[in-house]
Every structure is written in structure tokens, then in C-alpha cells.
Amino acid sequence: MPRLAVIDPANATGRVKEIFDGPLKGKHINIFKGMANSPVGLDAYLAIAGALSKSRLSKSEQESIALALAEANDCAYCLAAHTVLGKQAGLSEAQTLGARKGEIGDDPKLNALVRFTVQLNEKNGFVSDQNLADFKAAGYDDGHIVEVLVVVALNTYTNLFNHVNDTAIDFPAPPALK
């Protein structure tokens with residue numbers, strides 16, 4: 001059960017109502033209903049997500065990062081949500097599971113991306129020169145590194161938000177890891 005108030009979009013007022021009636025129209029999922037306790041929280045999410053819509057990282061790459069972090073950070077809500085979103089972005093079920101394990105075997109570039117993401121998370125950003133070199137050898141550059149960090153920042157926010165809130169999951173359960 002959520003630990004923060006759940007804001008019903010039908011009863012929202014002010015800036016929160018503007019957000020639910022605008023950029024989140026038709027996206028009245030539980031994470032946003034919890035974030036709606038603060039318009040700043042929703043605006044922050046939307047600003048970063050909006051910036052990432054212009055990223056050179058594809059949606060499938062961004063979803064691979066989200067899945068790797070959700071697993072590493074034990075965020076059940078994000079695992080469920082990003083499994084659905086990852087498949088919508090073109091990831092196979094095997095790739096969604098691989099991203100969660102930090103190893104996507106059928107795609108060397110995605111594999112390098114999730115490995116780098118896991119390293120970033122485990123090392124709190126203190127990655128080695130070799131970690132950077134391995135990531136770049138897969139076809140990424142310095143700009144991609146910055147964009148990976150932005151995806152990590154957004155997903156760290158949502159993972160932590162869901163931990164604090166104990167957000168009720170409103171997506172299908174993801175498959176269990178074997």
C-alpha cells in the first residue's frame with residue numbers, strides 16, 4: 001500500500017491538474033499519482049524525460065538501462081513498467097531479462113551498455129579507464145556517456161521514489177529471472 005497520498009487526477013488542482021491534463025493525459029499510472037504530491041516532482045520527471053526524447057540513445061537502449069538499474073536497485077515497480085516499455089521499444093523478452101542480469105548476449109552493443117550501466121551503479125560513478133574504454137569500443141562516445149548518466153539519474157529518481165512510496169504496481173508482473 002502506498003505510503004504517500006495517491007492524487008486522483010480527477011481531483012487534482014493547480015499545476016498538478018495542468019500536468020495530468022497536458023503531458024500526462026492518459027498516463028494516470030500510480031507512480032505519477034504519487035509524484036503528484038509535488039508539482040516539482042512531476043515537472044522534474046517530465047523535464048528529464050523530455051530531454052531524453054532528444055537523446056542519441058534509442059528507446060531500446062534507454063529501456064535496457066532502466067531494466068538494469070531496476071534489477072540492481074530492487075525496484076519492483078520499475079521492473080514491471082520497463083519490461084512492458086522495453087518490449088514496446090523493440091526489446092525481446094530475452095533481452096529484457098538479459099538487461100536485468102547485466103548481460104545481453106545477442107547484441108554486443110546493448111551488452112556493453114548494460115555492463116557499463118551496472119558498473120556505474122556498483123561503483124557510484126567511479127568507473128575505471130578500462131570500463132570507459134570497453135564502452136567506447138562498442139561504438140559509444142563521450143556524448144553517449146553523458147546521456148547514459150542522464151538516464152541513470154532519471155531511473156535512480158524513480159527507483160528511489162518507488163522505494164519510499166511503496167508504489168502499487170499497475171503493470172503486469174515481469175518474468176522471474178532464472
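Biologist: Leaving aside its neighbours within four places in sequence, which residues is I48 in contact with?
Modeller: Contact means heavy atoms within 4.5 Å. This is a predicted model, in which local features need pLDDT of at least 70, side-chain atom pairs count only at pLDDT 80 or more, and totals for chains, interfaces and linings use all residues. Residues are numbered from 1 along each chain as its sequence is written, and side-chain values use heavy atoms, leaving out hydrogens and water. With neighbours within four places in sequence set aside, I48 is in contact with V150 and L154.

Biologist: Where is the place of I48?
Modeller: I48 is partly exposed, because its relative accessible area is 27%, and the class runs between buried (under 20%) and exposed (over 50%), with a 1.4 Å probe and protein chains only. Helices are DSSP runs of H or I with at least four residues, numbered from the N terminus. By that numbering, I48 sits in helix 3.

Biologist: Which residues is T158 in contact with, leaving aside its neighbours within four places in sequence?
Modeller: T158 is found in helix 9. T158 counts as buried because its relative accessible area is 5%. Beyond four places in sequence, its contacts are I31, M35, Y45, C75 and C78.

Biologist: And the backbone oxygen of which residue does the side chain of T158 reach?
Modeller: A polar contact is a pair of N or O atoms within 3.5 Å; within protein, one must be able to donate a hydrogen and the other to accept it, and residues adjacent in sequence count only if both atoms are side-chain atoms. The side chain of T158 makes one at 3.1 Å, to the backbone oxygen of N155.

Biologist: T158 touches two cysteines, C75 and C78. What does the count of disulfides come to?
Modeller: A disulfide is a pair of cysteine sulfur atoms within 2.5 Å. By this rule the count is 0 disulfides. C75 is in none, with the nearest cysteine sulfur, that of C78, 3.5 Å away. From the side of C78, its sulfur is too far for a bond because the closest cysteine sulfur, in C75, is 3.5 Å away, so the total is 0.

Biologist: Is C75 buried or exposed?
Modeller: C78 is at 2% relative accessibility and therefore counts as buried. The relative accessible area of C75 is 0%, so C75 is buried.

Biologist: What volume does the largest pocket have?
Modeller: Rolling a probe the size of a water molecule over the atoms shows where empty space is left. On a 1 Å grid over the protein atoms alone, a pocket is an open set of points where a 1.4 Å probe fits, with protein on both sides within 12 Å along at least five of seven lines. Grid points are joined across faces, edges and corners, and a volume is the space filled by probe spheres set on the points. On that basis, the largest pocket comes to about 690 Å³.

Biologist: Which element gives the largest share of the lining of the largest pocket?
Modeller: Lining residues have an atom within 4 Å of a point, and of the 29 here, F32, Y45, E63, H82 and L85 are the closest to the centre. The elements giving two or more residues are helix 2 (30–35), helix 3 (39–52), helix 4, helix 5 (76–88) and helix 9. The largest share, 7 residues, comes from helix 5.

Biologist: How far apart are the end C-alpha atoms of helix 7?
Modeller: The expected span is 1.5 Å times one less than the number of residues. The 15 residues of helix 7 (residues 108–122) should therefore span 21 Å, and this agrees with the distance between its end C-alpha atoms, 21 Å.

Biologist: Which helices do the buried residues of helix 7 pack against?
Modeller: The buried residues are L110, N111, A112, L113, V114, F116, T117 and L120. They pack against helix 4 (59–72), helix 6 (93–101), helix 8 (129–137) and helix 9 (142–165).
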